[in-house]
Amino acid sequence: MPLVTTEATVLQAFPYSETSKILRLLTPQNGVQSVLARGARRPKSRYGGILEPFTDGVASFYYREHRDLHNLSDFELGRSRQRLGRDLVRFGGASLLAEIILRTGSPQAAPEVFAHMRASLGALEDAPDGDVEPVALARAWSLIATLGFGPALDQCVGCGVDLEPGTALFFDYTAGGLHCGRCAAPAGAGRIIPGAARTDLLSFLAGEATALDRTAAHWQLLGRFLAYHLIDAESLRSLDFLAAALAPA
Ligand SMILES: [Zn+2]
């Protein structure tokens, strides 16, 4: 059994037995891996309570070929990212990224996804209070683009014609992009998005957060798009969590 030592970010952590935890780790060269952290729930665990979502560090685990679960032997803390846990929207945004990766990730090497996630967690921690939502939207859309299923915004998904910027067009959830004004848009699975929202979306896909007056329609668009492109997307818990966190009190 080879010992793998790698940079890793905890995407998810859940209890296993009375004393242990199972972690889903994102790594650059081994993609998403599940590891068993024996004793991690004991009060005097050598992991010292750091094995929580979004912790960065260097993980060592015994890699068992053709198995889904490997034994963690060490986790050297890089950054605990506790600030994310103190703000519902920052935490919800990070959880959404983790869920998208978990639904699409594999044990294949994905250094660009790993780099994107680390940068995103830093951006969500550091965003000024008023900018957290656009930063979360930009990190989610740019993750989708990094994973290779970003929507087509420059050319019509029906006929391929270049789209003029600035006009309201039909966003087709199923086809994953915009229709020009001449192509017949399918009924139902999509919505018209205004020119300004198209511009925002282009920025988000490039990872740039733009100031937004209203964010509700953007969250709805993201949620509907994911519903058509992720397995079991209806059960994305982070979107429900974000909706509750963003609801007016
Ligand atoms: Zn067209």
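This is a predicted model: local features need pLDDT of at least 70, side-chain atom pairs count only at pLDDT 80 or more; totals for chains, interfaces and linings use all residues.

Q: Is Phe-170 buried or exposed?
A: Phe-170 counts as buried, because it has 20 C-beta neighbours inside 10 Å and the cut-off for buried is 20 or more.

Q: How far is Gly-190 from Phe-171, in sequence and in space?
A: They are 19 residues apart in sequence and 5.4 Å apart in space, C-alpha to C-alpha.

Q: Switching to the overall layout. What domains is the protein divided into?
A: There is domain 1 (3-80) and domain 2 (83-150 + 191-246). Their C-alpha centres lie 24 Å apart.

Q: How many residues does each domain put into the contact?
A: Domain 1 gives 15 residues and domain 2 gives 16 residues.

Q: Which elements of domain 1 give two or more residues to that side?
A: Strands S1 (3-16), S2 (20-27) and S3 (31-37). By class, the domain 1 side has six nonpolar, seven polar and two charged residues.

Q: Now the core. How many residues are in the largest nonpolar one?
A: The largest nonpolar core has 57 residues, and Leu-97, Ile-101 and Ala-140 have the most contacts inside it. Helix H4 (residues 132-146) supplies the largest share, nine residues.

Q: Where does this core lie relative to the domains?
A: Between domain 1 and domain 2, because both give residues to it.

Q: What does Leu-97 touch?
A: Leaving out residues up to four places away in sequence, Leu-97 touches Met-117, Ser-120, Arg-139, Ala-140 and Leu-143.

Q: Back to H4. At what angle does it pack with H3?
A: Helix H3 (residues 111-126) and H4 pack at about 180 degrees, and their axes are 10 Å apart. H3 and H4 are therefore roughly antiparallel to each other.

Q: Which residues of H3 and H4 meet?
A: From H3, Glu-112, Val-113, His-116, Ser-120, Ala-123 and Leu-124; from H4, Val-135, Ala-136, Arg-139, Ser-142, Leu-143 and Thr-146. The contact of H3 with H4 has six nonpolar, four polar and two charged residues.

Q: And H4 with H5, how do the axes cross?
A: The axes of H4 and helix H5 (residues 195-205) cross at roughly 65 degrees and come within 7 Å. That makes H4 roughly perpendicular to H5.

Q: Which residues make that contact?
A: H4 uses Leu-137, Ala-138, Trp-141, Ser-142 and Ala-145, while H5 uses Leu-201, Ser-203, Phe-204 and Leu-205. By class, the contact of H4 with H5 has seven nonpolar, two polar and no charged residues.

Q: Last topic, backbone angles. What is the phi of Phe-54?
A: Phe-54 has a positive phi of about 80 degrees, although it is not a glycine. Phe-54 lies in the loop between S3 and strand S4 (56-62), and is buried, with 28 other C-beta atoms within 10 Å.

Q: And His-66, what's its phi, and where is it?
A: His-66 has a positive phi of about 65 degrees and is not a glycine either. His-66 is in the loop between S4 and strand S5 (69-79). With 4 other C-beta atoms within 10 Å, His-66 is exposed.

Note on methods:
Residues are numbered from 1 along each chain as its sequence is written. Domain bounds come from an automatic or database domain assignment. Two residues are in contact if their C-beta atoms, placed from the backbone, lie within 7 Å. Helices (H or I, at least four residues) and strands (E, at least two) are DSSP runs, numbered from the N terminus. Ala, Val, Leu, Ile, Met, Phe, Trp, Tyr, Cys and Pro count as nonpolar, Asp, Glu, Lys and Arg as charged, and the others, Gly among them, as polar. A nonpolar core is a set of buried Ala, Val, Leu, Ile, Met, Phe, Trp, Tyr and Cys residues joined through C-beta atoms within 7 Å. A residue is buried if 20 or more other C-beta atoms lie within 10 Å of its own, exposed if 12 or fewer, and partly exposed in between; C-beta atoms are placed from the backbone. Axes are lines fitted to C-alpha atoms, for helices over the stretch in contact, and angles run from 0 to 180 degrees between N-to-C directions. Angles under 35 degrees count as roughly parallel, over 145 as roughly antiparallel, 65 to 115 as roughly perpendicular and the rest as oblique.
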